[in-house]
Amino acid sequence: MQNPFENAMHQLDKVAKIKNFGDDFFARLRAPDRDIRISIPVQMDDETFKIFEGYRVEYNNTLGPYKGGIRYHPDTEINEVKALAFWMTLKCAVAGIPMGGGKGGITVDPHKLSKSELEKLSRGWVQKLSDILGPHKDVPAPDVNTTGEIMAWMVDEYTKITGDNTGATFTGKPIDKGGSEGRGVATGLGGFYVFDVLRRELKLLEKCKVAIQGFGNVGSNAAEIFTKHGHIVVAVSDSKSAIYKEDGLNLEKVEAHKKSTGGLKDFEGAKNITNEELLELACDVLIPAAFENQITENNANKIKAKVVLELANGPTTPEADEILFKKNIPVIPDILANSGGVTVSYFEWDQNLKGEHWTEKQVFEKLKPMMEDASKKMLAKAHEFKTSLRMGAFIVALERIKEKI
Ligand code: NAD
């Protein structure tokens, strides 16, 4: 597995060759403000104690409080968290929200814990980090394997420790605990708004064939949204299997099949394929919505999609990026494509601080123009510097940070 932080720094090296922001500025962006490792002791259900390793990286707060999710995964480690925190810094900047970048995590397979162990672990993460968190300091959110319920435990723990009852220290909370309408679908919906601006520019069909890697929160919502807007989802995958149906999958039935069998395999009328085959399908839009380092120098040459929409963070390695650019396959970059999630998280924070609750319609009416405007700015920079969309998005973000630093 490539080191995601090195990949992120390669991207920074590349933008330095396109626009000179000055060595001091780049040096500053290479170093997170703080990277913190903690140990979290948890008394397990069998009364034994287990120590888990946790992290919070506060990367850069030039534009506002650190903002970024918390990931629970057995492979989570400090370099991954640093890379994700760096991308959050750029993501908030490109989306045009007044937030900085951070990320957190715990090395754990949450599926192996009981609910009470998971709750103790989540509260333990907050106990160790409460000093640095706060509505105007650092505002975490969910990421892979963390849920609204976990955010509710965390905000409750934070309130007990600090007395802060704004609820604004964590976003992605359940609606009845101060969460925002629309947060659940925001990442997929934001990605669709970005795609729709670029679809016209890239002269793609009104009815595109879409393949989605990862059928979790982001991937399944994206599948539904693309279908609702007239596109055809031909393939989806999860960590265990992938399925393909040329004339489109019935998503409701796929969800029901997954619920009843625990996976996607053997869905009626669809062909079982491998995860590699899904990435290499001849389709219009390939959406990686799982993890980092999925499109690499080993498979980039085999990609046949007309465009890649990165809803996962860091799914394309720098080497693969070059190959796709040469093959004339545009990659709509993660820092913009999946920024709908953090944008609605920012709305949640704003509502909590103002004591307001906006309707879903109000949330989407605010989200859409922000995503469209950011997409047009990215496109304009890519054209101006005759570069990729990713570099265009980086330049928009870095200009905003540089102006305030
Ligand atoms: P999730 O845990 O809900 O879903 C992840 C999905 O990926 C699961 O279906 C899992 O089975 C699948 N998966 C894992 N390994 C796979 C593999 N090798 N091949 C195919 N599928 C595989 O997580 P999520 O919240 O949907 O996040 C997915 C990605 O989107 C992550 O990169 C995350 O950082 C990014 N992201 C999420 C949000 C958000 O709002 N949740 C916002 C921005 C970015």
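Me: Buried means under 20% relative accessible area, exposed over 50%, partly exposed in between (1.4 Å probe, protein chains only). Is F226 buried or exposed?

Reply: This is a predicted model, where local features need pLDDT of at least 70, side-chain atom pairs count only at pLDDT 80 or more, and totals for chains, interfaces and linings use all residues. Residues are numbered from 1 along each chain as its sequence is written, and side-chain values use heavy atoms, without hydrogens or water. F226 has a relative accessible area of 0%, so it counts as buried.

Me: What is the strand order of the open sheet of 7 strands?

Reply: Strands (E, at least two residues) and helices (H or I, at least four) are DSSP runs, numbered from the N terminus. Two strands pair if DSSP finds at least two bridges between them. The pairing here is mixed, and the order is β9-β8-β7-β6-β10-β11-β12.

Me: Which are the edge strands?

Reply: An edge strand here pairs on one side only. That holds for residues 271–273 and 331–332, which are β9 and β12.

Me: How many bridges join β6 to β10?

Reply: β6 covers residues 209–213 and β10 covers 285–288. A211 stands opposite L286 in β10. The two strands run parallel, and the bridges between them number 4.

Me: What angle does the direction of helix α7 make with that of β6?

Reply: Helix α7 (residues 217–228) packs on the sheet and touches β6, β7, β10 and β11. Contact means heavy atoms within 4.5 Å. Axes are lines fitted to C-alpha atoms, for helices over the stretch in contact, and angles run from 0 to 180 degrees between N-to-C directions. For α7 and β6 the angle is about 170°.

Me: Which class of aromatic pair do F192 and F226 form?

Reply: The structure holds 13 aromatic pairs. Rings of Phe, Tyr and Trp (its six-membered ring) pair if their centres lie within 6.5 Å; planes under 30 degrees apart are stacked, over 60 edge-to-face, the rest tilted. F192 lies in helix α6 and F226 in helix α7, so their pair ties together parts 34 residues apart in sequence. Their centres are 5.2 Å apart and their planes at 90°, so the pair is edge-to-face.

Me: How far apart are the ring centres of Y158 and F170?

Reply: Y158 is in helix α5 and F170 in the loop between α5 and α6. Y158 is buried at 6%, and F170 is buried at 0%. Their planes stand at 70°, and the centres are apart by 6.4 Å.

Me: Over the ring of which residue does the charged end of K402 sit?

Reply: A charge sits over a ring if NZ of Lys or CZ of Arg is within 6 Å of the ring centre and within 35 degrees of the ring normal. K366 lies over W358, at 4.4 Å from the ring centre. For K402 the distance is 5.9 Å, and the ring is that of F25.
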